[in-house]
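User: I am new to this structure and would like a close look at one part of it, the pairing of charged side chains. Please keep the answer plain.

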Amino acid sequence: MSTNKPDNDKLYDIIIIGAGVVGPCIARCMARQGRKVLIAEREWSCPNRIVGELMQPSGLKALKQLGMIKAINNIEANEVDGYYIEFNGKEVSIDYPSKNVESALDTTPVPKAIQKGDEDKVGTDSTIDAKKWEECPHVKGASFRHGQFLTNLRNLCLSEPNVTKLDGSVTGVIKNDKDCVCGITVANQGSFKGRLVINCDGIYSKFRKELDEDFVPKVGSYFIGLELKDAKLPKPHFGHVLLGEHAPVLIYQMDPHSSRMLCAYRSKTLPKRSEVLNYLRTRVLPQLPKCVKPSFEEALNQKGQDIYRAMPNQYLPARLNDVPGFVCIGDSLNMRHPLTGGGMTVGLNDAVMFCKMLSDLSNEQLGHEEIVLERLIDFHTERKHLDAVINALSLALYTLFAADNKYLQILQRGVFAYFLRGGVYVGQPIGLLSGLIPSIWVLFSNFFAVAFYACRLNFAARGIVGFPLALYENIVVLFTAAHVFLPILFGEIFT
Ligand SMILES: Cc1cc2nc3c(=O)[nH]c(=O)nc-3n(C[C@H](O)[C@H](O)[C@H](O)COP(=O)(O)OP(=O)(O)OC[C@H]3O[C@@H](n4cnc5c(N)ncnc54)[C@H](O)[C@@H]3O)c2cc1C
């Protein structure tokens, strides 16, 4: 472990605010590229959160490129092979794409991130069999306890001699007389100077407003998180999406004895405890698969206040990092609905792209605002390929899966029926969701293919007599689909 002490008089090449998922990855990578890095975190002990527990294959790809894939080892992580979706008693399983899909992408490591003698592959441990992982024809994701994964990332970062750990809450950024950010202030520890300050302070970011006062996320709904003990899941090693009259429910295993259940809740403000418990008992419980019910009831009946935790699901399209000396990455820059588990994937792929784009700059050049801004403009444009797909998909799927009107319900039935067709009809959607098909066009064409398929099914269901009604409904359905999807997509592309 690095034993460097934070030095108020030193000029660091990089200062990072926040050691969540993204901060330690950038810190380690930059340190390996020869930068002196100071990483400030207000809470270094293992966190217990209900976020960031399922990593999509593209997130694992990014971890590999950062030389940090070993962070999923020795935490009893669960291999994830795809998604299992249940809707009104019918089910469909969708495997993650074949490895060929991943090999069409740039998988080259970040320069200097992987060094001679590094073991940069998934290893065998108590829950992962490296040989089976390697031989599996399709890519995999992983689910785990967030805190343990984070501890691994942090330890990898702090083992770098160029990294200095700072234990404290960052209270402000310092600007020089040219209005360029040149350091941070930390509670009870004074100020620290750096050529470039990288802000990774996460979902409740205090410092994203440095980019713009109006750069604030919107809360769309809440996730209610419960922990299920020894739950029997319909399809182990798959992420479960349960649809019905309730808003969507997600379940995935975190370790051999615990599974996370995230129940979406349609509310823009923190719901009252009595309302949540009533909703879980009367709306969610009756519709769960039979095998899940005992562990869910057990979780609901436990004594005390800790039955569930609620987190807001926020949306924030990214904006250009154009403040000299300052960069936001991770949730401080960009958020989407967590239904599709894409947050870490976007953040880690951004870390890869950012570290690659800056890798040829000397330490002195990191403090040169015009040079860095040029790279940040490229970063803003390039990252849209992945982030627009993951973000628009997450919001569109949430809106359809939480359908609360007749036309969205026609679309919801259409999505599920489309998936039931299997083959190519699920290949591209799961490629988009796993982050391995970063193509806005593929997303666009699949979304409208689903919408037209939903209309076709509606015509068939209404029959000849109901044709005029179906025609009217289908026009509204297509309008609804466009209304749900296009503003998000255009917002992502043009911000
Ligand atoms: C309910 C929910 C479920 C989710 N599930 C998933 C999932 O399954 N898969 C997935 O990929 N994504 C998921 N996400 C998103 C994912 O958690 C985030 O995208 C990811 O954690 C972002 O990483 P980050 O490093 O930007 O921020 P964080 O991981 O939140 O880290 C921010 C860090 O900054 C520190 N910090 C903040 N302010 C200060 C300060 N002033 N001084 C010092 N330190 C500070 C914090 O203590 C924290 O350690 C979920 C999100 C939600 C809301």
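Which side chains meet in a salt bridge at 3.5 Å, N to O?

Analyst: The side chains of Asp212 and Arg319 do, with 3.5 Å from N to O. A salt bridge here is a side-chain nitrogen of Lys or Arg within 4 Å of a carboxyl oxygen of Asp or Glu. This is a predicted model, in which local features need pLDDT of at least 70 and side-chain atom pairs count only at pLDDT 80 or more, while totals for chains, interfaces and linings use all residues. Residues are numbered from 1 along each chain as its sequence is written, and side-chain values use heavy atoms, with hydrogens and water left out.

Asp212 sits in the loop between strand E11 (190-199) and strand E12 (218-229), and Arg319 in the loop between strand E16 (309-315) and strand E17 (326-328), so the bridge ties together parts 107 residues apart in sequence. Helices (H or I, at least four residues) and strands (E, at least two) are DSSP runs, numbered from the N terminus. Asp212 is partly exposed, at a relative accessible area of 31%, whereas Arg319 is buried, at 18%. Buried means under 20% relative accessible area, exposed over 50%, and partly exposed in between, with a 1.4 Å probe and protein chains only.

Side chains of opposite charge can pair when their charged atoms come close. A search of the whole structure finds 24 salt bridges. Another of them joins Glu160 to Arg28, whose closest N and O atoms are 3.9 Å apart. This pair links distant parts of the chain: Glu160 is in the loop between helix H5 (146-158) and strand E8 (163-167), and Arg28 is in helix H1 (residues 22-32), 132 residues apart. Both Glu160 and Arg28 are buried.

Asp387 and Arg383 also form a salt bridge through their side chains, at 3.3 Å from N to O. Asp387 is buried, with a relative accessible area of 2%, and Arg383 counts as buried at 3%. Elsewhere, salt bridges with shared partners join Arg28, Arg32, Asp118 and Glu160 into one network.

As for the setting of these pairs, the chain has 14 helices and 17 strands. Of its 495 residues, 58% count as buried. The C-alpha trace spans about 80 × 45 × 45 Å along its principal axes.
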